[in-house]
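Hi,

Here is the structure I promised to pass on.

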Amino acid sequence: MSVCPPFAPFFGFAGVASAMIFSTVGAAFGTSKAGIGIAGTGTFKPELIMKSLIPVVMSGIIAVYGLVVSVLISGSLRAGNYSLFAGFIHLGAGLACGFTGLSAGYAIGFVGDSCVRAYVHESKVFVSMVLILIFAEVLGLYGLIVALIMNSKASGIDVC
């Protein structure tokens, strides 16, 4: 029986960090980019600010996806009996969630900024803005689902 390599948990922790850091950067970018559009909207029509907060809320959900994956992966980390295979699976799960969260945050930010500014001039833009934001949010949800599937595969690995 082989001994688990002592550096194997590094890859699991790298997955935890990847999920949290990249999805949070995406959420922060989406919040800031959409917030700039909301600030511009508020100068012309302050009554539209509350309806324009939808992109900011949806960006925050992206960070929650990364948090969920990082908590699940860190719960699977065990000292002494953690295989390199499980470490690589957890790294892949963290990267899948993190990079899809990053891309979803960018998409939400650009769509939110543009559509909130257009909403000042035309109220019909609101429905299409929400639909496009939902499709952008689903990108992050796909990464969450892939990460959950990968994490469930790594949980059954107990031997090195």
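Below is what I found, going from the whole chain down to single residues.

First, the ground rules. This is a predicted model, with local features needing pLDDT of at least 70 and side-chain atom pairs counting only at pLDDT 80 or more, while totals for chains, interfaces and linings use all residues. Residues are numbered from 1 along each chain as its sequence is written, and side-chain values use heavy atoms, with hydrogens and water left out.

The overall picture: the chain has four helices and zero strands (DSSP runs, H or I of at least four residues for helices and E of at least two for strands, numbered from the N terminus). The C-alpha trace spans about 70 × 20 × 15 Å along its principal axes. The radius of gyration (over C-alpha atoms) is 19 Å, well over the 15 Å from the globule rule for 160 residues (2.2 Å times the number of residues to the power 0.38), so the chain is more spread out than a compact globule.

UniProt's unreviewed entry puts "transmembrane region" at 7-29, 49-73, 85-106 and 126-149; its positions are in the numbering used here, feature names are shortened, and annotations may be inferred rather than shown by experiment. In the model, residues 85-106 are 100% helix, with end C-alpha atoms 32 Å apart. Residues 126-149 are also 100% helix, and there the ends lie 35 Å apart.

Now the inside. The largest nonpolar core has 32 residues (buried Ala, Val, Leu, Ile, Met, Phe, Trp, Tyr and Cys joined through side-chain atoms within 4.5 Å; buried means under 20% relative accessible area, exposed over 50%, partly exposed in between, with a 1.4 Å probe and protein chains only). H1 (8-44), H2 (54-76), H3 (84-121) and H4 (125-155) each supply at least two of its residues, and H3 gives the largest share, 10. Ile108 is among the residues with the most contacts inside the core. Leaving out residues up to four places away in sequence, Ile108 touches Pro55, Met58, Ser59, Ile62, Leu133, Ala136 and Glu137 (contact is heavy atoms within 4.5 Å).

- Ser76, in H2, is buried at 13% relative accessible area. A polar atom of its side chain lies 3.2 Å from the backbone oxygen of Leu72. Beyond its neighbours within four places in sequence, Ser76 contacts Tyr82, His90 and Asn151.
- Tyr142, in H4, is exposed at 51%. Its C-alpha is 8.0 Å from that of Cys97, 45 residues away along the chain.

Cheers

Key:
Polar contact = N/O pair within 3.5 Å; in protein donor to acceptor, adjacent residues only side chain to side chain.
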